[in-house]
Amino acid sequence: MTEQPSPVRLRSALSGVPAYVPGKPPAPVEGVTAYKISSNENPHPPLPSVLDAISQAAQSVNRYPDMGVVALTEALAADLGVPVEQVATGTGSVAVLTQLVAITCDPGDEVVYAWRSFEAYPIVVALSGAASVQVPLDEHARHDLDAMADAITDRTRLVLVCTPNNPTGPAVRADELDAFLDRVPDDVLVVIDEAYLEFTTEESVPDALAVARDRPNVVVLRTFSKAYGLAGLRVGYAVAHPEIATALRKAATPFGVTDLAQQAAIASLAARDELLARVEELVAERERVVAALRDQGWDVPQAQGNFCWLPLGDDAVAFAQAAQARGLMVRPFAGDGVRCTIGETEANDRLVDVAREWLSTQG
């Protein structure tokens, strides 16, 4: 290939698409075990029953997967107590989110969401040609739902509510969500993004499926990547009213969910008790780490995911570099803060140590 610029005209929307910054792998540090707590991954390997399902499915990878993802759709519908017509799957919740934007937004339309929130939101919106309307979080790193409702205009087609919020941690309460939805026009789709639902212990959170049952303009978005530990297989799903779910299936990548992913997800649903026991362990670790950080003087927001947030502002990158020097890879968001996944106990202990050392150097 030549080094000359290509004459091909690409979409002008690309100029406004921010690059997704993935969590980096841990850099080796002599004398210590390096840990990656930058990507909100589940530190536990797949359960034996799930590995068996993957191994069995791998024997037929010469065949296309079931394009309708029928077996998993039926398993999810039975597990959630909803009709199969209301379930739509995709290659991770990010792909389903892309489908949601595709079925709602034309160029020039608007998508409202809190900021800072999930880093994929502005990317997916910009690629569609729609415009992001980012509403600042409140002083407690929570969604300001009143301000989000105020931001809705006649150009708004989609609203995204990430709860618990990634990367800051707090979850939306049921009462404030109901009050917010009462203000949203019926023709605007609201997505309740519950990627970290299983880690939530706050009793005031909404029953999103019940909300979606009562409100035709609400969609619930979930994933098998986090609590179920299938991040590498890419499978997520939405629960929506039948006409929305049908549109989502139209917008899905054909044969996108592999049979390996489908069978692993089905096996994971069957092993729920074992998996949730692991979740309880991670939640206990989260509470231990958050308590230790707060004892040190950190202003850690309510943590309801498998991570915690350090509001470091302009020091975010410097803190990440200090952690990396200790063999710990965290996820900095320049100018805002650092997200730290709850990982192995040793990694969590090192995070507490690095945080203490950081404070001691700040005078």
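The legends below describe several close-up views of this predicted model.

Residues are numbered from 1 along each chain as its sequence is written. Because the model is predicted, local features need pLDDT of at least 70 and side-chain atom pairs count only at pLDDT 80 or more, whereas totals for chains, interfaces and linings use all residues, and side-chain values use heavy atoms, with hydrogens and water left out.

**View 1. The two domains of the chain and the contacts between them.** The domain assignment, whose bounds come from an automatic or database source, gives domain 1 (23–45 + 272–362) and domain 2 (48–270). Taken over C-alpha atoms, the centres of domain 1 and domain 2 are separated by 25 Å. In contact, which means heavy atoms within 4.5 Å, are 22 residues of domain 1 and 26 residues of domain 2. UniProt, in an unreviewed entry, lists residues 37–353 for "domain: Aminotransferase class I/classII large"; its positions are given in the numbering used here, feature names are shortened, and annotations may be inferred rather than shown by experiment. Over residues 37–353 the chain is 42% helix and 16% strand, and the C-alpha atoms at the ends are 14 Å apart. Helices (H or I, at least four residues) and strands (E, at least two) are DSSP runs, numbered from the N terminus.

View 2. The UniProt annotation "modified residue: N6-(pyridoxal phosphate)lysine", from an unreviewed entry, covers Lys 226. This residue lies in the loop between strand 7 (218–223) and strand 8 (236–239). Lys 226 counts as buried because its relative accessibility is 15%, where buried means under 20% relative accessible area, exposed means over 50%, and partly exposed lies in between (1.4 Å probe, protein chains only). When residues up to four places away in sequence are not counted, Lys 226 touches Ser 39, Asn 40, Asn 42, Ala 195, Tyr 196 and Phe 199.

**View 3. The largest nonpolar core.** A nonpolar core is a set of buried Ala, Val, Leu, Ile, Met, Phe, Trp, Tyr and Cys residues joined through side-chain atoms within 4.5 Å. Of the 86 residues in the largest such core, Met 148, Val 159, Phe 180, Phe 224, Trp 298 and Phe 319 touch the most other members. Helix 10 (residues 272–296) supplies the largest share of this core, seven residues. Both domain 1 and domain 2 give residues to this core, so it lies between them. Leaving aside neighbours within four places in sequence, Met 148 is in contact with residues including Val 112, Tyr 113, Val 159 and Phe 180. A second, separate core of 26 residues includes Val 111, Ala 120, Tyr 121 and Leu 160.

**View 4. Helix 6 and what covers its buried residues.** Glu 176, Leu 177, Phe 180 and Leu 181 are the buried residues of helix 6 (residues 174–183). They are placed on the same side of helix 6 because they cover an arc of only 135° around the axis, the arc being that of the directions from the helix axis to the C-beta atoms. Among the elements that cover these buried residues are helix 5 (145–151), strand 5 (156–162), strand 6 (189–193), helix 7 (208–214) and strand 7. Asp 175 is also placed in helix 6, but this residue is partly exposed, with a relative accessible area of 48%.

**View 5. Thr 156 in strand 5.** Thr 156 is found in strand 5 and counts as buried at 1% relative accessibility. A polar atom of the Thr 156 side chain lies 2.9 Å from the backbone nitrogen of Thr 153. With neighbours within four places in sequence left aside, Thr 156 is in contact with Glu 110, Val 112, Ala 151 and Val 188.

View 6. Most residues other than glycine have a negative phi, and most peptide bonds are trans. A cis peptide bond, with omega about 15°, joins Trp 115 and Arg 116, and Arg 116 is found in the loop between strand 3 (110–115) and helix 4 (120–128). Another cis peptide bond, with omega about 25°, joins Asn 166 and Pro 167, and Pro 167 is placed in the loop between strand 5 and helix 6. Val 69, in the loop between helix 1 (48–58) and helix 2 (70–80), has a positive phi near 45° and counts as buried at 4% relative accessibility. Ala 141, in the loop between strand 4 (131–136) and helix 5, has a positive phi of about 65° and counts as buried at 12% relative accessibility.

Notes: A polar contact is a pair of N or O atoms within 3.5 Å; within protein, one must be able to donate a hydrogen and the other to accept it, and residues adjacent in sequence count only if both atoms are side-chain atoms.
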